[in-house]
Amino acid sequence: MTAVALRGAIELGLLYALVTAGLFLSYRILNLADLTVDGSFTLGGAASIMVALTGHPWLGILAGVLTGALAGLVTAVMQTKLGIQPILAGILTMTGLYSINLRVMDGRASVNVIGKVTVFTPFQNALGDLGKLVLIALVGAVALGLLVLFLCTQVGLAVRATGDNERMVRSSSVNVDLMKTLGLVLANALVGLSGALLAQYQQSCDVGMGTGVVVIGLASLIIGEAVFGTLVYFCTKRQGVLTGAGCAVVGAVLYRLIIALVIQYNNAPALRFLHITASDMKLLSALIVVVAISYPALRSAAALRRKRARTQKQAKGGGS
Amino acid sequence: MLELSHLVKTFHPGTVNERRAIRDLSLTVPEGQFVTVIGGNGAGKSTLLNLISGALFPDSGSVRLDGQDVTFLPEHRRARDIGRLFQDPLMGTAPNMTLEENLSLAYLRGSHRTFAPAPSRKNEAFFREKLRSLDLGLEDRLKTRVGLLSGGQRQALTLLMATVATPRLLLLDEHTAALDPATADKVLALTDRIVRENRITTLMITHNMASALALGDRTLMLEQGEILLDVSGEERASMTVDALLERFQHQSGAQLVNDRLLLSRG
């Protein structure tokens, strides 16, 4: 892989690590499958691009974070106050956001800021090729650092326990609805930040930018947990919040490296007949998530089958 | 002090499934009193505790705790003053978090949660001391995930969590029924000690008539949502399980139907 391709993959990986960290918060910690993400990612990007066009790129990033948080709030209110099932609440927000995102982008399917100043411009001027990577790493480190610090506070502890045993949390005088809301708002703020940075990174935002992001994020998280999480557990026998954030970063970067490798070698004899392109990666992501989540069920089914076969064999052998 | 006045709760009113779970129930439990509650299945014991804890709201009547009307206060607000244990030992603890994290969460009950670090190092010695008092060897396992503990250990931990920030009222809903007899005895002894040491006003539901008489200061028997029997003091001290059963049959004017046999005498 060329240095340019490698750097590009790492840059994208670190950008998407923010989405993965958001899903770590909503999916792993709060145990909620939050499908708002597909919408709030694009919303963050759209808000970021439109504000950046007015000449205020950093305000654009802030707009991306705030609008993402707002999307999370809408989903949370639907779940906790209006009695809508968690999955459906996310789908409703995501669907509604499609129309809103088009309105944010003045009814255009795609908006670009080519030739305008973005948050990356001063870093590229000062540091050249490494500029983008440095900025992404800085923003990512600050955002994930804040997330980890938050989860280690008294409030953060209550959020973590909410996903583990809601009833116990309620009887410890914690407002469970408030904790879920807080978690979803923070998760989508991270997603909005990711979208906002990505839009300025690629100097454009299109309305389909967020499609499948939730699955990509979950696949990254699962890859990260399988590689980094297992490694940390093997070395320290512990799995804390910090490990979770580490899994998000490692998983998201590995995911982008896998894509880069697949695209580079899609003409190799073994792969040529599949005609793999970048657009096939969503299918691959979906498959990764299916396999990883179904693995425990498949394993116990197989174990049961083996056990049954063994007992039947014994019964036959011992009979007569 | 807990004051219940004219509580009424009917499930599915106006349908064929209508069930009057609590009918005009009034009860005053003075500060520091330990009350045991017995009654057959469907007598309304758990509903009563749910009305007190705020998991359910009554159709009429009021619940007052230390003079404050809490009848319609949401469960999590009331939980500032009320500790509660359930029959299922898995219900009261978060399995994927450590003992220390569980205790930290419970210790903050009733106080305003801030962005201060938690679990904080300054509580570690205190938690260790509290765990040592359980005498289950848990004091060296602060960093262990609670899911790795046995049911009895988890229930003892839940008891500690419910009382580590001393509540005004402790509700125990057959909290030893799912444990093996030896562990149940141990948890009951712990319950008695913690309640006495902290002088916590307590309501304990039990299926075991012997422990209903042996523990606490006062015994209530519930039947069809009403208090059928209320004994304390001398009368209770000299009462045997047989005498209790006799009084029960006499008062209810009914024979012992199947579900009442679920009350165990042992």
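User: How many residues does the largest nonpolar core have, and which of them have the most contacts inside it?

Analyst: The general idea first: in soluble globular proteins, nonpolar side chains tend to be buried together. In this predicted model, the largest nonpolar core has 108 residues. Those with the most contacts inside it are Val19(A), Phe41(A), Leu151(A) and Leu197(A), along with Leu131(B) and Leu157(B). Helix H9 of chain A, residues 176–201, gives this core its largest share, twelve residues.

User: What does Leu157(B) touch, leaving out residues up to four places away in sequence?

Analyst: Among its partners are Leu99(B), Leu103(B), Leu131(B), Leu134(B) and Leu149(B). Val146(B) and Thr93(B) are on the list too. There's also a second, separate core of 25 residues, with Leu27(B), Val29(B), Leu51(B) and Ile82(B) among them.

User: Now the interface. How many residues of each chain are in contact, and what area do the chains bury between them?

Analyst: Start with the totals, then go to the specific pairs. Here 20 residues of chain A contact 30 residues of chain B. Together the chains bury about 2,300 Å², with 61% of it on carbon and sulfur atoms.

User: Which side chains meet in a salt bridge?

Analyst: Look for oppositely charged partners: Arg160(A) pairs with Glu101(B) at 2.6 Å, N to O. The count between the chains is one salt bridge, and twelve residue pairs are in polar contact. On chain A's side, H7 (154–164) and H8 (166–170) each supply at least two residues. The largest share, seven residues, comes from H7(A). By type, that side divides into nine nonpolar, seven polar and four charged residues.

Definitions and conventions
Residues numbered from 1 in each chain as written. Chains lettered and ligands numbered in written order. Predicted model: local features only at pLDDT ≥ 70, side-chain atom pairs only at ≥ 80, totals over all residues. Heavy atoms only, no water. Contact = heavy atoms within 4.5 Å. Buried area = accessible area lost by both parts, 1.4 Å probe. Salt bridge = Lys/Arg side-chain N within 4 Å of Asp/Glu carboxyl O. Polar contact = N/O pair within 3.5 Å; in protein donor to acceptor, adjacent residues only side chain to side chain. Helix = DSSP H or I, 4+ residues; strand = E, 2+ residues; numbered from the N terminus. Nonpolar A, V, L, I, M, F, W, Y, C, P; charged D, E, K, R; others polar. Core = buried A, V, L, I, M, F, W, Y, C linked by side-chain atoms within 4.5 Å. Buried < 20%, exposed > 50% of the residue type's maximum accessible area, 1.4 Å probe, protein only.
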